[in-house]
Amino acid sequence: MHHDVLIVGAGHGGAQAAITLRQRGYAGSIAIVGAEPEPPYERPPLSKDYLSGAKPFERILIRPAAFWEGRGITVLPGRRVVAVDPAAHAVTTADGAVLGYGQLIWAAGGEARRLACAGGDLAGVHTVRTRADADRMRLELPAVEQVVVIGGGYVGLEAAAVLRAAGKRVVLLEQADRVLSRVAGTALSRFYEGEHRAQGVDIRLGARVEAILGDGRQATGVRLGDGTLIPAQMVVVGIGITPAVEPLLAAGAEGGDGVAVDAFCRTSLPDIRAIGDCAQHANAYAGGQRIRLESVQNANDMAITVAKALTGAAEPYHAVPWFWSNQYDLKLQTVGLSAGHDTAVLRGAPAARSFSIVYFRAGRVVALDCVNAIRDYTQGRALVEGGARCDPAVVADITVPLKDLAAAA
Ligand SMILES: Cc1cc2nc3c(=O)[nH]c(=O)nc-3n(C[C@H](O)[C@H](O)[C@H](O)COP(=O)(O)OP(=O)(O)OC[C@H]3O[C@@H](n4cnc5c(N)ncnc54)[C@H](O)[C@@H]3O)c2cc1C
């Protein structure tokens with residue numbers, strides 16, 4: 001079977017690439033081959049309102065099931081690509097099928113990292129990456145009283161919030177000395193630690209997990225490096241992902257942590273592009289460093305970059321990174337990348353549960369974290385996009401709208 005465009009991965013990036021190709025009038029054949037059994041669905045609700053049960057699966061589909069057929073897009077779910085042959089322009093799936101392509105778009109995201117310690121594969125130990133993961137957790141939850149969440153990143157914190165709201169006792173273990181250390185400044189970390197503790201989550205920082213304890217089959221608790229034993233009937237592991245790029249690297253693509261792409265999302269192999277969580281690219285908002293971004297924005301915007309390139313309107317990828325996280329009644333919106341900032345300015349009062357943190361590097365605004373502060377988020381975007389130079393003292397003054405600063409910068 002041959003497709004003019006073959007997309008590997010039926011997630012956010014893969015779906016958006018197919019949608020944008022058709023929107024732009026692409027008339028060739030398009031197929032999306034995906035390892036999961038479902039048609040493309042939204043991943044963020046898996047640790048938010050799908051996990052809580054507030055949203056049924058139908059409401060997290062990226063498009064209704066009939067959409068794909070209606071647009072002439074073939075969706076091949078439940079099929080994992082295990083090999084790529086760039087010379088033959090063909091991929092092989094785990095069930096032995098060979099699919100030919102004119103252009104290949106690799107949008108395979110990543111696999112949730114698993115615990116390497118003893119007991120990491122006991123029943124009751126869960127990662128949160130797929131619908132199946134969330135469904136397994138939901139099925140077990142009625143019999144669970146105490147959960148240990150391992151990892152204080154977005155996924156771990158969001159899961160902790162949902163589990164608390166469901167009435168479970170929750171212990172959250174983070175190996176660093178603060179939560180969200182990879183993505184946010186210290187003040188934001190401290191705010192979220194305080195909020196979770198106020199909600200009754202037992203957060204333990206600097207915690208080293210030594211083993212998951214079990215009765216031979218089912219997890220019964222977690223043992224820490226200092227000997228502490230924490231009983232639990234469920235363990236949720238949110239410790240990041242491993243980019244799903246092995247078949248591409250095995251075929252000779254450049255990369256390491258992900259697959260290397262240029263500004264048009266081209267890999268080093270002919271007619272193969274990569275997008276989304278697995279694409280390692282030089283990002284202007286990270287000072288040109290090669291990074292991977294794990295966000296719906298990045299997956300969608302890279303998909304659009306590729307669709308434009310394949311329809312004769314190539315434009316380099318230059319989208320400003322943004323991200324959101326919902327925990328309890330807190331809506332966090334982030335624009336830009338705060339890593340490497342030298343100054344962080346608070347706008348508003350965390351006690352009022354509506355505030356922003358504006359990050360600067362060498363005098364320029366590089367990112368904002370906005371908590372229940374949508375106006376700052378929408379108005380602050382321009383500051384990040386333009387790398388605005390503003391006076392931190394003025395930024396701290398909440399009576400000055402950020403749009404005035406954007407206009408003046
Ligand atoms: C629980 C959770 C909450 C999140 N919350 C947010 C949020 O609030 N905001 C935000 O911006 N981002 C959030 N993210 C991140 C966001 O979901 C990802 O950045 C986004 O899904 C990346 O899209 P993608 O297309 O690169 O990969 P994915 O959406 O992961 O899709 C990749 C697909 O490819 C499939 N695949 C992998 N290997 C193969 C193969 N060899 N053959 C065939 N198919 C394959 C996978 O099974 C998967 O279905 C969250 C992620 C998780 C897990």
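## Nonpolar cores

The largest nonpolar core of this predicted model holds 48 residues, and Ile7, Val84, Leu104, Trp106 and Ile275 have the most contacts inside it. A nonpolar core is a set of buried Ala, Val, Leu, Ile, Met, Phe, Trp, Tyr and Cys residues joined through side-chain atoms within 4.5 Å. Buried means under 20% relative accessible area, exposed means over 50%, and partly exposed lies in between (1.4 Å probe, protein chains only). Apart from this core lies another, of 40 residues, including Val144, Val170, Ile203 and Ile357.

Valine 84 is in contact (heavy atoms within 4.5 Å) with Ala90, Val91, Tyr101, Leu104, Trp106, Pro247, Leu248, Ala251 and Ile272, leaving aside neighbours within four places in sequence.

## Basis of the values

Residues are numbered from 1 along each chain as its sequence is written. Local features need pLDDT of at least 70 and side-chain atom pairs count only at pLDDT 80 or more, while totals for chains, interfaces and linings use all residues; side-chain values use heavy atoms, without hydrogens and water.

## Helix α1

Helices (H or I, at least four residues) and strands (E, at least two) are DSSP runs, numbered from the N terminus. Helix α1 covers residues 12-23, and its end C-alpha atoms are 16 Å apart, which agrees with the 16 Å that its 12 residues should span at 1.5 Å a residue. The expected span is 1.5 Å times one less than the number of residues.

Of the 12 residues in α1, 11 are buried. The buried residues of α1 pack against β1 (2-8), β2 (30-33), α2 (65-70), β3 (73-76), β6 (98-106) and α7 (296-310). Glycine 25, with a positive phi near 85°, follows α1.

## A buried asparagine

Asparagine 298 is in helix α7. Its relative accessible area is 0%, so asparagine 298 is buried. Not counting residues up to four places away in sequence, asparagine 298 touches Gly276, Asp277, His281, Leu293 and Tyr317.

## Positive phi in two loops

Arginine 353 lies in the loop between β24 and β25. Its phi is positive, near 60°, in a residue other than glycine. With a relative accessible area of 23%, arginine 353 is partly exposed.

Alanine 362 is in the loop between β25 and β26 (364-371). Although it is not a glycine, alanine 362 has a positive phi of about 50°. Alanine 362 counts as exposed because its relative accessibility is 57%.
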